[in-house]
Amino acid sequence: MSIRPYDPASDADALWALKRAFETGLGANTGSDEKESRYADKLTDDYREGYLEWVDRCVAHDERSVQVAVADDGPDSALTGYVFVLPDSHAYIWDAAVLNEIYVDEPFRGTGVADALIDAAVSAVREQDLPLERLVLDVDRENDRAQAFYERHGFDHWGELVAREL
C-alpha cells in the first residue's frame with residue numbers, strides 16, 4: 001500500500017466510488033432510515049460533477065489536499081481509501097486546517113490504511129499557513145469507530161458543531 005496525491009486524470013472514477021461509499025455509509029450507519037435516504041438521494045450525476053470539480057479546484061491549490069491509498073498490486077492498482085483536507089485558502093472556515101473527509105474501503109479497514117492516510121493529512125497541513133495550529137473535523141457522535149480512531153490519533157473535543165434544517 002502506498003499514499004500519493006490524487007490524480008484527476010486517472011483517479012476520478014475510483015475517487016467517486018469511494019466518495020459514494022463514504023456518503024452511503026454515513027447515512028446508513030449513523031442515523032435513521034430518513035438520514036440514509038437523504039444521503040443516498042443526493043448522490044446524483046450533478047452532485048458527482050460538482051464534487052469532482054471542487055476536488056480539482058482544491059488539488060490545483062495544493063496537490064496534497066486530496067491523497068489516496070493505493071493497493072500495490074501491479075499496474076492497475078485499486079484505490080483503497082482517501083483523505084481530503086481543505087487547502088489553506090479555506091483555513092478561515094474554522095481558523096484551522098480542516099479534515100473534510102477520510103474513508104477506507106471496507107476490505108482494507110484495520111490494515112493500517114487509515115493510519116497512513118491520517119499521517120499524510122497531518123503532514124500536509126503542518127505545511128499550511130493557518131490562523132490556529134489545529135486540525136479540525138466534524139464527526140458524527142453516533143460513529144463510535146470513527147470517534148475511537150480520532151481519539152487514538154490525538155484528537156479531542158474542541159467546541160461542538162450544531163446544525164439547523166433549511
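This is a short tour of a predicted model, stop by stop.

Residues are numbered from 1 along each chain as its sequence is written, and side-chain values use heavy atoms, with hydrogens and water left out. Because the model is predicted, local features need pLDDT of at least 70 and side-chain atom pairs count only at pLDDT 80 or more, while totals for chains, interfaces and linings use all residues.

**Stop 1: Asp88**

Select Asp88. It sits in the loop between strand S3 (79-85) and strand S4 (97-104). Helices (H or I, at least four residues) and strands (E, at least two) are DSSP runs, numbered from the N terminus. Asp88 is partly exposed, at a relative accessible area of 25%. Buried means under 20% of that area, exposed over 50%, and partly exposed in between (1.4 Å probe, protein chains only).

Now show His61, Gln128 and Asp129. Asp88 touches these three, not counting residues up to four places away in sequence. Contact means heavy atoms within 4.5 Å. The Asp88 side chain makes a polar contact with the His61 side chain, at 3.0 Å. It also reaches the backbone nitrogen of Asp129 at 3.2 Å. A polar contact is a pair of N or O atoms within 3.5 Å; within protein, one must be able to donate a hydrogen and the other to accept it, and residues adjacent in sequence count only if both atoms are side-chain atoms.

**Stop 2: Thr80**

Move to Thr80, in strand S3. Is Thr80 buried or exposed? Thr80 is buried, with a relative accessible area of 1%. Leaving aside neighbours within four places in sequence, its contacts include Leu18, Tyr103 and Phe108.

**Stop 3: the cores**

Select Tyr6, Leu15, Tyr51, Val55, Tyr82 and Phe84. These have the most contacts inside the largest nonpolar core, which has 23 residues. Such a core is a set of buried Ala, Val, Leu, Ile, Met, Phe, Trp, Tyr and Cys residues joined through side-chain atoms within 4.5 Å. Helix H1 (8-29), helix H3 (45-61), strand S2 (66-70), S3 and S4 each supply at least two of its residues. Apart from this core lies another, of 20 residues, among them Ile102, Val104, Ile118 and Leu135.

**Stop 4: helix H5**

Finish at helix H5 (residues 144-152), where Ala146, Gln147, Phe149 and Tyr150 are buried. Look down the axis: the buried residues fall within an arc of 165 degrees, so they line one face of H5. The arc is that of the directions from the helix axis to the C-beta atoms. They pack against S4 and helix H4 (113-126). On the other side, Asp144, Arg145, Glu151 and Arg152 are exposed. Gly154 follows H5, with a positive phi near 90 degrees.
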